[in-house]
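Have the model open while you read.

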Amino acid sequence: MKLIQIHPDDNVAVALADIRTGESLPVGGETVTAAEDIARGHKLALRAIAKGAPVVKYGNPIGIATAEIAAGTWVHVHNVRTGLSAHAEYSYEPVIRPLSAAAPRTFEGYRRADGRAAVRNELWIIPTVGCVNSVAETLARENQHLVAGSVDGLYAFPHPFGCSQTGGDHARTRRLLAALARHPNAGGVLVLGLGCENLTMEQFQAELGDWDDRRVKFLVCQQTDDELAAGAALLRALADYAGQFRRETVDAGELVVGLKCGGSDGLSGVTANPAVGRFSDRLIALGGSTVLTEVPEMFGAENLLFSRCESREVFDRAVRMVEGFKNYYVNHSQPVYENPSPGNKAGGITTLEDKSCGCVQKGGVAPVVDVLDYGEGVRKRGLSLLSAPGNDLVASTALTAAGAHIILFTTGRGTPFGAPAPTVKISTNTALFEQKRGWIDFDAGTVASGESPDDAGERLLDCVLRVASGERTRAEKRGAREIAIFKDGVIL
């Protein structure tokens with residue numbers, strides 16, 4: 001099969017492989033002849049589309065034709081524009097689909113003193129301010145001998161903020177870093193400050209709340225003669241504490257998994273994202289939790305999520321989240337629809353609606369049970385929406401801060417980065433999987449070759465449980481661990 005009509009109402013189909021001019025292809029019970037070459041991931045018109053008429057994919061409008069489009073021709077940015085505007089009216093019309101029961105599954109994880117489950121037992125160094133990044137990185141580099149026994153790793157997470165910030169930016173930085181310090185995958189945390197920054201250690205500790213002083217240590221570099229010696233001593237104490245934990249059997253229903261896409265292409269919404277959606281529904285059926293973010297990549301597909309909100313309260317919060325991000329664009333004099341990147345467009349994504357309808361497939365069909373602000377942690381089992389932008393590093397850091405043990409990252413173009421939580425890269429096409437074996441963990445391109453999304457989702461569940469039990473991702477093997485913090489306001 002070289003062409004797929006995703007929904008019976010669609011007037012375009014997606015090329016699963018390169019199509020040449022003159023090829024006649026079966027699709028949707030009919031045959032269409034390609035009037036020109038169509039690259040893999042790009043769209044072909046199944047019938048004539050009048051100028052000004054909607055282009056329909058996933059059963060939803062993804063744009064408006066800017067010219068007469070003949071059957072069999074290429075449908076892309078040259079003849080389609082977005083239909084989005086800055087604001088929309090929403091009404092709560094719930095369509096809740098119960099999930100089928102699932103047989104219990106387990107993984108081999110860690111049990112923290114507070115009862116939470118973890119999939120890694122690492123030591124994390126978290127700077128409160130960018131001025132001490134070099135100290136954090138030196139401490140991580142010079143104390144790798146502490147990675148022994150059940151201690152899985154020692155990592156520093158440098159960033160440029162924590163000082164010269166005001167208002168919302170200052171609060172977001174403080175909240176995000178404290179949330180990372182609470183993450184269960186960290187068996188021990190060294191919080192590293194300078195001493196004169198406006199994110200003071202006292203502020204950080206107030207944001208953190210109650211902490212176990214065996215698990216979290218604090219060091220202010222200006223208050224010690226030798227910060228490297230003092231930091232090394234604290235890391236030894238943290239390693240001694242973390243080294244007491246051992247893997248044990250944990251119910252899969254305790255897992256929290258973040259859902260993210262980046263470097264998307266025209267197959268993202270056909271192969272990898274639907275497979276992740278099936279995985280998400282299976283994990284939730286097991287009692288687990290998934291978190292979907294990238295709010296700007298919900299624009300144009302938000303109603304698909306709003307109709308699944310389990311209550312009016314959740315719906316209202318979801319609307320406020322989406323409208324808040326639209327206002328963020330407007331307040332910066334930017335159009336809400338200026339999102340697909342050059343790589344997205346090269347891969348076949350035409351408009352933000354096109355990208356969004358593919359993006360939200362990662363959330364499956366489960367009800368939306370909660371909406372989280374940036375820096376907030378998961379409160380309820382099930383599918384939560386998280387307020388964060390689409391930027392890969394910022395969104396993945398926010399997912400980690402929300403408590404995601406593991407992040408699933410679908411991509412049609414490939415990327416080497418890794419979040420603080422183990423990041424499973426999932427290719428939308430097999431060619432990428434074969435080309436970038438050092439980046440990609442899981443091939444969902446098999447869906448384009450005939451594997452059902454259900455079967456791919458089941459394979460993905462097996463993969464996630466292996467990673468949760470200690471199998472290292474490609475990014476982990478390469479030492480790729482990074483954070484990025486959302487910034488909106490001024491820097492002093």
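A crossover counts as right-handed if, with the strands pointing away from the viewer, the path from the first strand over the helix to the second runs clockwise. By that rule, β12, helix α1 (residues 133–142) and β13 form a right-handed β-α-β unit. Note that this is a predicted model.

**The sheet**

The unit's two strands belong to an open sheet of four strands, ordered β13-β12-β14-β15. The pairing is parallel. β13 (153–156) and β15 (216–220) stand at the edges. Each has a single partner strand, so one side of each is left without a neighbour in the sheet. From one strand to the next, the twist averages 15°.

**Strand pairs**

Strands of a sheet pair through backbone hydrogen bonds, either parallel or antiparallel. The pairs here are as follows.

| Pair | Sense | Bridges |
|---|---|---|
| β12 and β13 | parallel | four bridges |
| β12 and β14 | parallel | six bridges |
| β14 and β15 | parallel | five bridges |

Ile125 stands opposite Ala156 in β13. Pro127 has Leu192 of β14 as its bridge partner. Val189 stands opposite Val216 in β15. Strand β14 itself spans residues 186–193.

**Strand β12**

How many residues of strand β12 (residues 122–127) are buried? Six of the six are, so the strand is largely enclosed by the rest of the structure. Buried here means under 20% relative accessible area. Both faces are covered. Glu122, Trp124 and Ile126 are buried on one side. Leu123, Ile125 and Pro127 are buried on the other.

Key:
Residues numbered from 1 in each chain as written. Predicted model: local features only at pLDDT ≥ 70, side-chain atom pairs only at ≥ 80, totals over all residues. Heavy atoms only, no water. Pairing = 2+ DSSP bridges. Axes fitted to C-alpha atoms, helices over the stretch in contact; angles between N-to-C directions. Buried < 20%, exposed > 50% of the residue type's maximum accessible area, 1.4 Å probe, protein only.
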